[in-house]
Amino acid sequence: MQTYDAIVLGAGVIGSSVAYHLARLGCTNVLVLDRTQIGAGTTSQSSGILRTHYSVIENVRLAQASWQVFNDFAGYLGDEEASAGMVKCGYLIAAPDGSKLPPLRASLQAQQAQGIEVRLLDAREAQALLPIARFDDAALIGYEPEAGFADAYLVATSFARAARRLGVKIREGVEVEMLLLEGGKVAGVRTSQGTFFSDKVISTQNIWATDIERWTGIASPVVPERHAVLALETPSAPYTFQMPVYKDLGSPGMLYCRSYGGKQMLVSEGTVGETLASPDNEQGDIGIDYMVEVGAQVAERFPAYEAAGIASSWTGVYDVTPDWNPVLGGLPDVPGLVVGYGFSGHGFKLSPAVGRVLAQAALGLATDVDITAYALERFRNGGLLTGKYGLGAVS
Ligand SMILES: Cc1cc2nc3c(=O)[nH]c(=O)nc-3n(C[C@H](O)[C@H](O)[C@H](O)COP(=O)(O)OP(=O)(O)OC[C@H]3O[C@@H](n4cnc5c(N)ncnc54)[C@H](O)[C@@H]3O)c2cc1C
């Protein structure tokens with residue numbers, strides 16, 4: 001009999017963070033199971049942008065709590081070798097006159113009310129920070145100097161290593177085939193390598209959270225959606241590490257851009273992607289038409305990128321819920337089961353705080369940040385968390 005105090009399904013950045021936080025809260029007899037390897041799921045495909053800008057206030061709170069962790073990652077983990085790979089270059093977000101302007105203004109004000117440093121810039125100030133872009137159409141520009149980007153894979157593996165040091169067991173290459181219930185309560189899991197018992201299971205399975213529906217009959221409202229990421233390069237206009245992440249609410253695809261490797265531009269759209277028939281994070285094709293279309297949007301904002309070449313590209317899959325926000329917390333109909341899925345393309349920046357609140361929820365403790373609004377029931381009772389920029393975008 002292999003019995004644990006808690007079992008975590010999935011060793012992505014969320015599951016690794018849950019495991020670390022369980023141990024930090026004193027629960028060290030923990031087993032983490034992943035069918036592949038730590039961070040090899042959708043975490044390894046992340047663009048890694050860290051910001052607290054959101055139009056949904058609950059997300060601002062989780063991002064703010066997470067930011068404290070990223071800001072002193074090695075200190076937080078008590079591991080001087082740990083690194084989040086952070087580049088603190090700031091986050092610029094701009095909107096022209098039109099529908100995106102009121103939500104941008106309201107969101108910036110809400111961030112300031114939370115005590116987050118956010119400045120309003122004029123076009124000249126924005127240009128000084130990001131000289132390769134044009135801002136002549138911007139009606140409002142916000143700047144979050146403490147934001148930037150980091151490496152999601154490094155963060156996942158660092159959480160996992162710190163968890164292991166506290167006694168957590170992480171087993172890779174183990175497929176979870178079934179959640180075991182006894183009298184309607186969680187009793188453990190059956191896997192490709194045997195059965196493991198626990199009265200607490202935390203599922204952080206991302207696009208594969210549909211397993212929960214198969215195992216319990218409780219709907220998991222999550223669909224896999226593929227998104228493309230391009231790395232563009234033009235020798236005349238390098239996108240350096242000193243230049244901020246840029247969110248262009250004026251472009252049709254609501255593009256986000258950041259430095260990649262200190263000279264290329266990583267760019268992707270903030271709109272709805274390609275829905276997949278089944279959960280799968282294999283690489284997909286990126287059509288020439290798509291590249292041309294995104295390239296044209298980039299050139300509109302960054303004139304020197306008219307001549308840019310595509311240095312590399314990849315696809316990644318989002319676990320999208322109907323309101324583009326995650327489901328967090330216990331499922332009341334299955335005592336002992338806690339879930340964290342549906343991050344809809346913005347879960348990395350929330351991962352430290354989400355890991356901690358899910359660990360707290362699993363242990364029956366009060367959560368540091370209130371997660372009531374993220375309950376699964378919201379899809380039945382109408383309390384959706386849809387962001388003011390619409391589906392996709394910033395949330
Ligand atoms: C292209 C792209 C760009 C992104 N950009 C950003 C960004 O800029 N900023 C940001 O904050 N977020 C971003 N995200 C989102 C963020 O990366 C994700 O929300 C986060 O990495 C998800 O982590 P996870 O642990 O939930 O999922 P995953 O990393 O997918 O982990 C889930 C794990 O569960 C395992 N698993 C599932 N089912 C089973 C089973 N039955 N048995 C065993 N193992 C199982 C899988 O093998 C997998 O390893 C982006 C995502 C993508 C795809």
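Author: Helix α6 (152-165) and strand β15 (256-260) each supply at least two residues of the lining of the second largest pocket. Helices (H or I, at least four residues) and strands (E, at least two) are DSSP runs, numbered from the N terminus. This is a predicted model, in which local features need pLDDT of at least 70 and side-chain atom pairs count only at pLDDT 80 or more, while totals for chains, interfaces and linings use all residues. Residues are numbered from 1 along each chain as its sequence is written, and side-chain values use heavy atoms, with hydrogens and water left out.

The lining of this pocket consists of 16 residues, and Ser-46, Ala-150, Asp-151, Ala-152 and Arg-258 lie nearest the centre. On a 1 Å grid over the protein atoms alone, a pocket is an open set of points with protein on both sides within 12 Å along at least five of seven lines, a cavity is a set where a 1.4 Å probe fits but cannot get out, and lining residues have an atom within 4 Å of a point. The volume of the second largest pocket is about 260 Å³; a volume is the space filled by probe spheres set on the points, and grid points are joined across faces, edges and corners. Eight nonpolar, six polar and two charged residues form the lining. Here Ala, Val, Leu, Ile, Met, Phe, Trp, Tyr, Cys and Pro count as nonpolar, Asp, Glu, Lys and Arg as charged, and the others, Gly among them, as polar.

The pocket lies between domain 1 (6-48 + 152-222 + 323-381) and domain 2 (89-146 + 223-319), because both give residues to its lining. These bounds come from an automatic or database domain assignment. The C-alpha centres of the two domains are 30 Å apart. Their contact (heavy atoms within 4.5 Å) takes 18 residues from domain 1 and 20 residues from domain 2.

A search of the whole structure finds one cavity of 30 Å³ or more, and the largest cavity has a volume of about 30 Å³. Among the residues that line the largest cavity are Ala-94, Asp-137, Tyr-246 and Arg-301. Strands β4 (91-95) and β14 (245-248) are the elements that give two or more residues to that lining. By class, the cavity lining has five nonpolar, one polar and three charged residues.
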